[in-house]
Amino acid sequence: MRKFSCRIYGVLRDGDKVLLTRSHFGQDTFINFPGGGVEIEEAPGDALCREFVEETGLVIRPVRTLYANQEAHLSTKAPIQIVSVYWLVDRVSGELRLAGNGDDVLELLWCDIDKLPLHEMFPAEVEFATKLPNLLL
């Protein structure tokens, strides 16, 4: 049986920079935007807010949808297709944990919008990240 994983991510800006996570999954280390999986019976907006707090320590407010993947992205770790949606978010409160969350996020980093580390991202994030500068105009 084929399965899908619905993922939701937030783009938090600080001028010309965006917040990214350096995370690990098994032995792999990668960079992506704060966010993650939507649980069964969980509203996507609620999942975004939950994941953002878990990964960054920040309470956010979703502002608007920026992008949904157009390509088919198959996981390299499980027999699933990944469908990702990216939102622009605003910070509401909380303390940013740059040193990570003690679990899957190793560290948080601010990166220039036009210099995102594409070589450290999974294909679904690369698809989005290459379009991000124009989506934020």
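Mentor: Ser5 stands opposite Ile82 in β7. Start there. This is a predicted model: local features need pLDDT of at least 70, side-chain atom pairs count only at pLDDT 80 or more, and totals for chains, interfaces and linings use all residues. Residues are numbered from 1 along each chain as its sequence is written, and side-chain values use heavy atoms, with hydrogens and water left out.

Now the strand itself. Strands (E, at least two residues) and helices (H or I, at least four) are DSSP runs, numbered from the N terminus. Two strands pair if DSSP finds at least two bridges between them.

β1 also pairs with β4, residues 35-37, through 3 bridges. Here the strands run antiparallel. Arg7 has Gly37 of β4 as its bridge partner.

Next comes β2, residues 17-25. It is joined to β1 by 2 bridges, again antiparallel. Arg13 stands opposite Val18 of β2. The hairpin of β1 and β2 has 2 residues between the strands, and Gly15 takes a positive phi near 65 degrees there.

A search of the whole structure finds 0 disulfides (a pair of cysteine sulfur atoms within 2.5 Å). Cys6 is in none, and its nearest cysteine sulfur, that of Cys49, is 14 Å away. Cys6 is partly exposed, at a relative accessible area of 38%. Buried means under 20%, exposed over 50%, and partly exposed in between (1.4 Å probe, protein chains only).

Last, the largest pocket. Its volume is about 610 Å³. Of its 28 lining residues, Arg7, Phe25, Phe30, Ile82 and Phe122 are the closest to its centre. A pocket is an open set of points on a 1 Å grid over the protein atoms alone, where a 1.4 Å probe fits and protein lies on both sides within 12 Å along at least five of seven lines. Lining residues have an atom within 4 Å of a point. Points are joined across faces, edges and corners, and the volume is the space filled by probe spheres set on them.

Several elements, including β1, β4 and β7, each supply at least two residues of that lining. β2 gives the most, with 4 residues. By class, the lining has 10 nonpolar, 12 polar and 6 charged residues. Ala, Val, Leu, Ile, Met, Phe, Trp, Tyr, Cys and Pro count as nonpolar, Asp, Glu, Lys and Arg as charged, and the others, Gly among them, as polar.
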